[in-house]
Protein chains: 2
Amino acid sequence: MPDKTGLVKGVLSGKPRSIARAISLVENNEEGAQELLKGLFPHRGESLILGITGAPGSGKSTLVDQLIGELRAKRKKIGIVAVDPSSPFTGGAILGDRIRMMRHSTDPDVFIRSMATRGHLGGLAKATGEAISIFEAAGKDIILVETVGVGQDEVEVVKLADLILVILTPGAGDDIQIFKAGIMEIADIFVLNKADTPGANKIEIQLKAMLELGLKDKDLPPVVKTVATEGRGTEELVQAIFNLRAKKERADLAARRKKLIAWMLRDITQEKLYGLINRAVKDSEFERYVEKIFNRKIDPYTAADEIVARLTGKRLREKR
Amino acid sequence: MPDKTGLVKGVLSGKPRSIARAISLVENNEEGAQELLKGLFPHRGESLILGITGAPGSGKSTLVDQLIGELRAKRKKIGIVAVDPSSPFTGGAILGDRIRMMRHSTDPDVFIRSMATRGHLGGLAKATGEAISIFEAAGKDIILVETVGVGQDEVEVVKLADLILVILTPGAGDDIQIFKAGIMEIADIFVLNKADTPGANKIEIQLKAMLELGLKDKDLPPVVKTVATEGRGTEELVQAIFNLRAKKERADLAARRKKLIAWMLRDITQEKLYGLINRAVKDSEFERYVEKIFNRKIDPYTAADEIVARLTGKRLREKR
């Protein structure tokens with residue numbers, strides 16, 4: 001059992017060591033993790049959650065690196081959740097490692113948590129939400145949630161950010177990919193990276209035409225051109241982010257936060273109910289039901305109803 | 001609402017049309033599906049469930065086709081559950097279609113249900129168990145559960161059969177694959193298909209050496225050599241199956257059935273609890289919790305505990 005009060009204090013004062021300890025505690029679902037999160041909860045700050053997604057090869061890592069540099073120049077404290085679609089076996093550290101090797105790795109005010117999309121006991125929303133909670137308590141001003149935007153789960157996670165950035169590049173056929181993922185409708189800012197390569201203007205025109213067609217009377221999201229490898233356009237991008245945040249209705253931001261909370265609450269409730277099922281399956285009453293089913297004394301559906309009734313004290317309405 | 005009594009009668013008399021209707025009713029989770037399964041349950045027969053798995057390219061489809069022919073010559077009625085690792089979007093019909101096109105497609109005593117490993121609301125064990133229930137009620141003597149043996153889920157399903165056949169082929173590096181999947185330990189019969197190709201003897205020797213090493217004092221499972229494309233060895237295989245069934249302890253077969261029942265019961269219970277969660281998430285109380293969390297009046301873990309308590313009438317012991 002770690003010293004929770006000490007750890008809560010350490011996180012609240014933004015100590016990298018405490019943040020790291022808190023994240024690993026939560027990630028490994030160790031004893032005291034829930035107590036820690038409860039302890040941090042009332043102290044959450046008012047961070048801005050930025051979702052960033054882009055196809056592989058869009059230069060996302062480099063852009064994120066530049067973005068961090070620009071935000072750090074403005075003395076913003078940063079937490080990063082790097083959602084990686086890799087297998088649950090590798091732990092999904094590819095993306096995180098890549099970033100960790102970069103120039104911000106020694107900056108105590110930049111903290112990166114990388115995680116795989118799969119293999120989360122309680123679901124990706126819960127894992128993301130918990131990392132965000134720790135970062136908020138630690139006083140991070142900006143929390144980046146970045147995903148490659150390939151799988152459905154990652155896309156869903158990005159949707160729960162306060163502002164969503166979608167990275168496009170010329171000549172990669174991104175327009176179609178974006179349409180597929182349903183991201184276009186929810187992007188707040190488009191970043192046209194590698195804007196110095198041929199076809200950049202063409203894709204910009206295409207994109208704007210698409211947006212005008214698709215969004216009709218709504219405000220068009222800004223399109224910011226960048227050349228991340230040279231740091232060009234990053235300042236404009238940060239400006240666009242802060243402008244948009246200022247312009248966004250409070251109600252709009254609140255609605256997104258509530259969606260994140262609802263998803264997280266659902267994950268947590270589900271995990272707790274799973275615990276109930278697992279305990280139920282292990283107990284001797286369950287074995288007795290298996291025996292009765294085997295001997296055709298009861299059918300499995302009636303047995304399941306009885307188990308649920310025993311767990312919940314309620315009869316389920318018969319429905320299927 | 002279908003005429004359930006009529007449908008139960010139809011299935012019990014083995015009418016292909018009724019079986020098809022029953023399977024689609026259950027598969028689509030239509031109204032009355034659970035009632036139907038309850039109605040069929042007391043009438044289950046004493047089928048032999050054969051699990052068959054083999055790597056892609058092992059000639060499994062051809063072997064299954066030959067096996068069906070041999071079993072039909074012995075007037076056995078057959079039901080097949082073809083578990084296909086394809087995506088949930090295609091519905092997983094690839095394997096089933098391939099078999100359907102074969103010579104037994106017009107035989108009223110051969111019925112094939114193919115299904116994808118993913119996208120089952122209540123889990124693969126439940127879907128497999130339900131298909132087995134229908135086949136048993138319809139008086140099938142042999143129920144084949146066949147999988148490509150690639151993913152973890154399919155391997156698990158095959159483990160729940162009464163007897164497990166593993167197909168190997170020379171020169172495909174199968175030995176290593178089999179070891180990986182943990183199938184070797186649970187195979188009851190090994191089928192060495194394509195036994196007329198070079199290397200067949202070598203793999204037979206390797207396999208037997210491996211088995212002697214791995215199983216030590218236990219009875220070695222028989223190794224049957226086949227050339228499925230020419231129908232060679234199929235008679236011996238069927239003989240080996242019936243010999244083994246006669247030799248198997250009743251307690252041993254019962255233990256496997258109980259494992260299948262336990263898994264299925266777990267799936268069904270889980271599905272019913274899921275229904276509870278979904279209803280809980282939709283109701284206004286859940287919305288109120290989201291609001292309270294947003295306003296920092298309660299943390300999500302305490303909220304989840306309260307929701308679970310409300311669902312179950314029980315306080316969960318605090319544990320994480």
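First, the ground rules. The model is predicted, so local features need pLDDT of at least 70 and side-chain atom pairs count only at pLDDT 80 or more, while totals for chains, interfaces and linings use all residues. Residues are numbered from 1 along each chain as its sequence is written, and chains are lettered from A and ligands numbered from 1 in the order in which they are written.

Now the interface. 45 residues of chain A are in contact with 44 residues of chain B. Contact means C-beta atoms, placed from the backbone, within 7 Å. On the chain A side, α11(A) gives the most, with 17 residues. Helices here are DSSP runs (H or I, at least four residues), numbered from the N terminus. By class, that side has 27 nonpolar, seven polar and eleven charged residues. Ala, Val, Leu, Ile, Met, Phe, Trp, Tyr, Cys and Pro count as nonpolar; Asp, Glu, Lys and Arg as charged; the others, Gly among them, as polar.

The axes of α13 (300-312) of chain A and α11 (250-282) of chain B come within 9 Å and cross at roughly 55°. Axes are lines fitted to C-alpha atoms, for helices over the stretch in contact, and angles run from 0 to 180 degrees between N-to-C directions. The two helices are therefore oblique. Under 35 degrees is roughly parallel, over 145 roughly antiparallel, 65 to 115 roughly perpendicular, and the rest oblique. Residues meeting there include A:Y301 and A:I307 from α13(A), and B:L265 and B:I268 from α11(B).

Last, inside chain B. α12(B) and α13(B) cross at roughly 160°. That makes them roughly antiparallel.

Conventions. Two residues are in contact if their C-beta atoms, placed from the backbone, lie within 7 Å.
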